[in-house]
Amino acid sequence: MTDTHIHPPEGFSLWSREFIDDPYAMYRRMHAELPGFWDGGSWVLARYADVQAALRDPRLSSERIDPDPAWLEQSGLEPLYSAHQHMMLFTDPPDHTRLRGLVNKAFTPRAVEQMCTTIQQLVDDMITTADNGRIDLINDFAYPLPVTVIASMLGVPVDQREQFKRWSEPIAAFIGGTTGPEEQMMAEAQQAVIELGAYFRDMAARRRREPQDDLLTAMALAEEQGDRLSTDELTANLILLLVAGHETTTNLIGNGMLALLQNPDQLALLRERPDLIGNAVEELLRFDSPVQGTSRKAKQDLTIGPYAIKAGQHVQVMIGAANHDPLQYNDPDRLDITRNDVRHLSFAHGPHFCVGAPLARLEGQIAISTLIRRLPNLALTDEPLDWRDNFTLRGLRRLPRTFDSADHRLPDRPGAANRQH
């Protein structure tokens, strides 16, 4: 049984710019030399079996945001931490069960399927209006698509998506961690939480007066109808849905398109076999996960694999590393859209399995399949990749690409029969 005397080798850092730019080089080293270790502040787990076990173990708590009360009072950051402590992402049962049960109603397979036509129309319109011969796959496509979809589901004006982006980015930086100045990041995240919280409280008040057929109304009325959803829980989880509802899907589309463009044999195969899109998206999620990790806090002493974790210790659960574990996947650093049984952990596992996974899958399938069908000459430029400064939410700031301007005329739309979600 391993204890906290196991430390990473000198120079081994998961909290560096080098890790953000290429986490997979570090993961290869972990799998070869040290698949689990104590870094001085938390356990770090890389093996698929250990990560999966940690994600489903009820002895590891999601309520891991626990700042010192004296520090919190002195810092003035109570609004920021209070909002995050009320998000279902950071709660355990029974609160998590109650919150998730409410939100789940918006993400049933039938509800998601009804979004199919809307998503396809949005994708077609974004490609049709792309600048002649050039498109930034992130800012012109991968960002506006999911933020428009989640805003539509919530019932908030989609024409405010640039404002949503300004609010979301510092909140995502707080959730995921950044190499930037911590004090500035926290101040910006708190301001965004305060402003977005006020926005949602105002919208919820309007929905109580004039209910609409949207998720915001359902959550606001559930609070009013005694579903034990407090005002703080309501606003915090609306913030979470907006931020998480588009940040991760943006990264899925962006990372996925980059991987296909960097692996032209797989791109060619997907063009030849569009029926593979369902499996292809699962492999893309495994290959370059939009979420690289999460964390937990031990409620009691326990063991995960050979590691003895003490009550109160934190555990960094490296999802991206698990998805590249050679004990789980043959040749894990190779993109293979025909790979069988792709049981990736990119949507997590256990009670906190991503509530929006069906919607993210559908958006990814429609977006990627339409892009490669309508822009067959899409090609990489020689511009360097610019990864966002976030340890957890892996995605590009931009992905400018060129295409033949004659390609993006609107073709007949195929049906959804080949999509698997």
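Me: Is Thr91 buried or exposed?

Reply: Buried means under 20% relative accessible area, exposed over 50%, partly exposed in between (1.4 Å probe, protein chains only). Thr91 has a relative accessible area of 4%, so Thr91 is buried. This is a predicted model: local features need pLDDT of at least 70, side-chain atom pairs count only at pLDDT 80 or more, and totals for chains, interfaces and linings use all residues. Residues are numbered from 1 along each chain as its sequence is written, and side-chain values use heavy atoms, with hydrogens and water left out.

Me: Where is Thr91 found?

Reply: Helices (H or I, at least four residues) and strands (E, at least two) are DSSP runs, numbered from the N terminus. Thr91 sits in the loop between helix 5 (78-85) and helix 6 (95-104).

Me: Which residues is Thr91 in contact with, leaving aside its neighbours within four places in sequence?

Reply: Contact means heavy atoms within 4.5 Å. By that rule, Thr91 touches Ser62, Glu63, Gln85, His86, His96, Leu99 and His352.

Me: How much of the chain is buried?

Reply: Of its 421 residues, 57% count as buried. The chain has 18 helices and 11 strands.

Me: What share of contacts in the chain between residues at least 6 apart in sequence join residues at least 24 apart?

Reply: The share is 75%.

Me: What radius of gyration does the chain have?

Reply: The radius is taken over C-alpha atoms, and the globule rule is 2.2 Å times the number of residues to the power 0.38. With 421 residues, a compact globule would come near 22 Å; the chain has 21 Å, which agrees.
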